[in-house]
Amino acid sequence: MTTFQRARRYAKTHPLALDAALAAGVLLCMLGGSVIEPHDPQGTDWGLRTPHPLSLVLMAFGAAALVLRRRAPRTVLAVTSALSLTESVTGDPRAPVAMSAVIALYTVAATTDRPTTWRVGLLTMTVLTGTAMAAGPLPWYAQENLALFAWTGIGATAGDAVRSRRAFVQAIRERAERAERTREEEARRRVAEERLRIARDLHDVVAHHIALVNVQAGVAAHVMDRRPDQAKEALSHVREASRTALDELRATVGLLRQSGDPEAPTEPAPGLDRLDELVGTFRSAGLTVEVARADQDTDLPAAVDLAAYRIIQEALTNVQKHAGSDARAEVSIVRVGPHVEVTVLDDGAGGRDQESAPGGGHGLLGMRERVTALRGTLTTGPRYGGGFRVHAILPVQTRTSAASAASTASGDAAGGP
């Protein structure tokens, strides 16, 4: 740490000592100004004079008042102005007592607002200069009177400039701190969203495949003795479901790796192009599923495609778990204007509310979170006559893809043919 830095730190921690040193320096300057005669009658440029005892007393009191300039700036200004007025009327030759008033005016201007600075500054300049011109021993046009007007104006202007700079620096510091807080909050929000997204994917993957494994394992156990071929087929489905679950879990957890990790997954997220494969796993588990598509081979954004796939996956998993062994499911995907509608129906005899089922509710909550993130709508509930209905309306074009398309269109327009 340099000497200048140590001095600045000491000044900040000991302001009274700094003001005392300033008062001593101002007193020395006033004493020097009171004993130097700039126009000697004998023809030399400079000379010495003896200050009046009253002037010495006024200078001492004016300098002493500056020690308290931070604690009571307006009171100190009033005291030093009164001492300067007394010197202007009685002093001949005049001593520079007004220097203490200039420092006090600077302090007031540096610690208050601009309107107050204007009012106090004009009042001080007018009173000191007017009194010196009207009641002082010198002619009204004397150089000392004009200098008094100039120095008080300089003190008020300098104080206002220092106050403005401090406010500007403080505003920049607060803006930087606010920006830092905003960045931290945005980072925390993005982390929370990513954790929630990964949690939804993990739930969907685990719930779907574990449900299939549970069903197939039950079938294998039931027919193991009487129909070993069917049991062997069921165990084969169990192995396939578990292998697929492990692959999807590895891909999902792999998203937590660093971007530069060579083992990070590169397989694309599942979408509606894998719908037949998804429905096949449920059919192999004994669930009757019918699929109807009227989306005209719509090319969906990746986020919408994944959301539609996961909604169907979760809805069919709930049918498998809650609707009963004889339930039938219907899946429909329809393009309606700027949206694609995904509907999953079942005629389960149980017909109970899946959200209130034991261990249930998280899947439907995950559906809603996915749809809400895409600014779509989701309705779920029991069907009249039994069964359950899941209906999602998803926008074909998300905000990200819309912004990308608009940017591409503007670039093409700017580039011309």
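Which strands form a hairpin with Gly-385 in the turn? Strand 6 and strand 7 do, with 5 residues between them.

The views below show a predicted model, in which local features need pLDDT of at least 70 and side-chain atom pairs count only at pLDDT 80 or more, while totals for chains, interfaces and linings use all residues. Residues are numbered from 1 along each chain as its sequence is written, and side-chain values use heavy atoms, with hydrogens and water left out.

View 1. Helices (H or I, at least four residues) and strands (E, at least two) are DSSP runs, numbered from the N terminus. Strand 6 covers residues 377-382 and pairs with strand 7 in the antiparallel sense over 6 bridges; two strands pair if DSSP finds at least two bridges between them. Within this pairing, Thr-379 is opposite His-391 in strand 7. In the turn, Gly-385 has a positive phi of about 90°.

**View 2. Partners of strand 5.** Strand 5 is joined to strand 7 by 8 bridges, and the two run antiparallel. Asp-346 is opposite Phe-388 in strand 7. Strand 4 also pairs with strand 5 in the antiparallel sense, over 8 bridges, and Ile-333 is opposite Val-342 in strand 5.

**View 3. The largest nonpolar core.** A nonpolar core is a set of buried Ala, Val, Leu, Ile, Met, Phe, Trp, Tyr and Cys residues joined through side-chain atoms within 4.5 Å. The largest one has 38 residues, and those with the most contacts inside it are Val-289, Ile-312, Leu-316, Val-390 and Leu-394. Among the elements that give two or more residues to this core are helix 10 (302-322), strand 4 (328-336) and helix 11 (362-373). Helix 10 gives the most, with 9 residues. A second, separate core of 17 residues includes Met-30, Val-97, Leu-105 and Val-120.

**View 4. Thr-80 in helix 4.** Thr-80 belongs to helix 4 (residues 73-90) and is buried, with a relative accessible area of 0%. A polar atom of the Thr-80 side chain lies 2.9 Å from the backbone oxygen of Val-76. For the backbone oxygen of Leu-77, the distance to a polar atom of that side chain is 3.1 Å. Not counting residues up to four places away in sequence, Thr-80 touches Gly-62, Ala-65, Ser-100, Ala-101 and Ala-104; contact means heavy atoms within 4.5 Å.

**View 5. Arg-375 in a loop.** Arg-375 is in the loop between helix 11 and strand 6. Although Arg-375 is not a glycine, its phi is positive, about 65°. Arg-375 counts as exposed, at 61% relative accessibility.

Conventions. Buried means under 20% relative accessible area, exposed over 50%, partly exposed in between (1.4 Å probe, protein chains only). A polar contact is a pair of N or O atoms within 3.5 Å; within protein, one must be able to donate a hydrogen and the other to accept it, and residues adjacent in sequence count only if both atoms are side-chain atoms.
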